[in-house]
Amino acid sequence: MAFTLPALPYAFNALEPHIDARTMEIHHGKHHNAYVTNLNNAVAGKPEESLSIEEICATISKYPAAVRNNGGGHYNHSLFWTVMAPNAGGTPTDALADAINAAFGSFDEMKTKFNTAAATRFGSGWAWLIKDASGKLAITSTPNQDNPLMDVAEVKGTPILGLDVWEHAYYLNYQNRRPDYANAFWNVVNWSEVASRFAK
């Protein structure tokens, strides 16, 4: 198999009360696992089977919808699990904090813009903090399982923080209150991982 489901780096209940254990269990074990299975089926026996998920995303317009949807789902969720952690939250420091201040004026202003991107993404999708080609930070959102690495993305860049705003990510705990879920997310952001992605 070309792609595998990464292990969750913490227990299902580790992000409570902000993200509940049942949601994490279903989200990782059912949803993400299905993206991996379907992606492997879509690339089986084809040249893209030997590519990295990042390489596939970069030229996603060449591939059928099954690769775009499931490849994006695999990449996006693999990032999502790592940018959260138990006993996390707080504020970024050092170079990342400086870059946030330079791009948005303040950390609070960045959070406001990010929350707006999450709340106003129609239907299913993702909100992103990205590093663009010039090294500057920007906020964007993508539909479905698209991401800013994709050659079809409206705003391109390298994701360093992402929030899943598909209903399966929050509905058990928050029902239709997506803004409450976005606000709660800041309590579990793993800023050391985000800073590491920014530094790369």
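Colleague: In which sense do strand 1 and strand 3 pair, and over how many bridges?

Modeller: In this predicted model, strand 1 (residues 125–131) and strand 3 pair in the antiparallel sense, over 6 bridges. Within that pairing, Ile130 stands opposite Pro159 of strand 3.

Colleague: Which elements does helix 3 touch on the sheet?

Modeller: Helix 3 packs on the sheet and touches strand 1 and strand 3. The direction of helix 3 makes about 85° with that of strand 3.

Colleague: And what does helix 8 touch there?

Modeller: Helix 8 (residues 191–199) also packs on the sheet, where it touches strand 1, strand 2 and strand 3. Its direction makes about 145° with that of strand 3.

Colleague: What is the strand order of the sheet?

Modeller: The sheet is open, has 3 strands and runs in the order 2-1-3, with antiparallel pairing. Strand 2 (137–143) and strand 3 (158–164) each have a single partner strand, so one side of each is left without a neighbour in the sheet. From one strand to the next, the twist averages 25°.

Colleague: How many bridges join strand 1 and strand 2?

Modeller: Their antiparallel pairing extends over 7 bridges. Trp128 stands opposite Thr140 in strand 2.

Colleague: How many residues lie between strand 1 and strand 2 in the hairpin?

Modeller: There are 5 residues between them, and Gly135 in the turn has a positive phi of about 90°.

Colleague: Turning to the helices, at what angle do helix 1 and helix 3 pack?

Modeller: Helix 1 (residues 21–43) and helix 3 (residues 65–82) pack at about 140°, with their axes 8 Å apart. The two helices are therefore oblique to each other. Helix 1 passes helix 3 in a left-handed crossing.

Colleague: Which residues meet there?

Modeller: On the helix 1 side they include Met24, His28, Tyr35 and Leu39, and on the helix 3 side they include Val67, Asn70, His74 and Trp81. The residues of this contact divide into 11 nonpolar, 11 polar and no charged.

Colleague: How do helix 4 and helix 8 lie relative to each other, at what angle and axis distance?

Modeller: Helix 4 and helix 8 pack at an angle of about 75°, with their axes 9 Å apart. Helix 4 and helix 8 are therefore roughly perpendicular to each other. The contact is made by Ala95, Leu96 and Ala99 of helix 4 together with Trp191, Val194, Ala195 and Phe198 of helix 8.

Colleague: A change of topic: how many aromatic pairs are counted?

Modeller: The count comes to 12 aromatic pairs. In one of them, the rings of Phe80 and Trp126 have their centres 5.5 Å apart and their planes at 90°, so the pair is edge-to-face. This pair links distant parts of the chain, with Phe80 in helix 3 and Trp126 in strand 1, 46 residues apart.

Colleague: Now the backbone. Which residues does the cis peptide bond join?

Modeller: The cis peptide bond joins Glu16 and Pro17, with omega about 5°. Pro17 lies in the segment before helix 1.

Colleague: What is the phi of Asn87?

Modeller: Phi of Asn87 is near 55°, a positive value in a residue other than glycine. Most residues other than glycine have a negative phi, and most peptide bonds are trans.

Colleague: Where does Asn87 lie?

Modeller: Asn87 is in the loop between helix 3 and helix 4 (94–104).

Key: Residues are numbered from 1 along each chain as its sequence is written. This is a predicted model: local features need pLDDT of at least 70, side-chain atom pairs count only at pLDDT 80 or more; totals for chains, interfaces and linings use all residues. Side-chain values use heavy atoms; hydrogens and water are left out. Axes are lines fitted to C-alpha atoms, for helices over the stretch in contact, and angles run from 0 to 180 degrees between N-to-C directions. Helices (H or I, at least four residues) and strands (E, at least two) are DSSP runs, numbered from the N terminus. Angles under 35 degrees count as roughly parallel, over 145 as roughly antiparallel, 65 to 115 as roughly perpendicular and the rest as oblique. A crossing is left-handed if the near helix is turned anticlockwise from the far one by less than a right angle, and right-handed if clockwise. Contact means heavy atoms within 4.5 Å. Ala, Val, Leu, Ile, Met, Phe, Trp, Tyr, Cys and Pro count as nonpolar, Asp, Glu, Lys and Arg as charged, and the others, Gly among them, as polar. Two strands pair if DSSP finds at least two bridges between them. Rings of Phe, Tyr and Trp (its six-membered ring) pair if their centres lie within 6.5 Å; planes under 30 degrees apart count as stacked, over 60 as edge-to-face and the rest as tilted.
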